[in-house]
Amino acid sequence: HVYSLGYMAHDDGFRRFFAYLNLFIFAMLCLVLGENLLLLFLGWEGVGLCSYLLIGFWFNEEANAVAGKKAFVVNRIGDFGFLLGMFLIGATLLPHIAPGEGLFSFRTLQSHVGLLAPVATGACLLLFLGATGKSAQIPLYIWLPDAMAGPTPVSALIHAATMVTAGVYMICRLSFLFVLSPAALAVVATVGAATALLAATIALAQNDIKKVLAYSTVSQLGYMML
């Protein structure tokens with residue numbers, strides 16, 4: 001916020017920028033502090049919306065508007081997997097949960113994790129599809145290089161440091177579920193390693209410093225997944 005004050009001081013969309021940035025902060029805090037999967041998903045969708053708004057902030061240029069739409073569509077593909085994973089977990093646990101226990105509460109999920117063992121692989125892979133969108137892993141990494149179309153505070157702080165780690169965070173938060181499925185863990189590790197190698201290789205051939213930053217970010221996220 002402090003850096004953005006100076007950077008955006010003479011921009012016509014100054015108020016609009018900070019409205020989006022504050023909404024982003026709210027959504028990110030909701031994602032990280034949420035005590036259940038539903039609140040995490042609310043924050044997850046909130047940062048996705050703010051990402052779209054901030055990437056296409058200077059929408060008068062068509063390339064910026066297209067980059068924003070690309071990020072929005074690619075992330076919705078991942079989010080569809082996240083939703084299906086949540087539905088699978090909810091449908092499996094629902095018959096065994098007492099009223100008022102909180103179906104998607106992390107505490108409830110952890111205490112009943114044994115019941116999820118039969119569907120662990122499917123649920124984890126679906127949730128990981130959501131993470132591949134948010135954390136720009138193969139095959140849904142294509143949006144992040146174009147995300148650099150937004151103002152520099154956005155590309156440097158949000159799309160190279162903060163929001164893109166949400167997928168890694170979600171997998172860590174649900175680690176008690178992922179450890180039930182060695183197959184899902186193997187997929188996460190393989191995709192992470194492949195992404196780290198591919199994106200670093202692409203970054204070597206870039207001339208635009210923002211593109212170098214973007215692909216190196218994708219590579220680092222691959223390391224985090226691994």
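Select Arg-76: at 22% relative accessibility it counts as partly exposed (buried means under 20% relative accessible area, exposed over 50%, partly exposed in between, with a 1.4 Å probe and protein chains only). This is a predicted model, where local features need pLDDT of at least 70, side-chain atom pairs count only at pLDDT 80 or more, and totals for chains, interfaces and linings use all residues. Residues are numbered from 1 along each chain as its sequence is written, and side-chain values use heavy atoms, leaving out hydrogens and water.

A salt bridge is a side-chain nitrogen of Lys or Arg within 4 Å of a carboxyl oxygen of Asp or Glu. Arg-76 lies in helix α4 and Glu-45 in helix α3, so the pair ties together parts 31 residues apart in sequence. Helices here are DSSP runs (H or I, at least four residues), numbered from the N terminus.

Next, select Asp-79. Is it buried or exposed? At 4% relative accessibility, Asp-79 counts as buried. Asp-79 forms a salt bridge with Arg-76, with the closest N and O atoms 2.6 Å apart. Shared partners join Glu-45, Arg-76 and Asp-79 into one network of salt bridges.

Move to Lys-70 and Asp-146. Their side chains meet in a salt bridge (2.7 Å, N to O). This pair links distant parts of the chain: Lys-70 sits in helix α4 and Asp-146 in helix α7 (residues 143-146), 76 residues apart.

How values were computed. Helix = DSSP H or I, 4+ residues; strand = E, 2+ residues; numbered from the N terminus.
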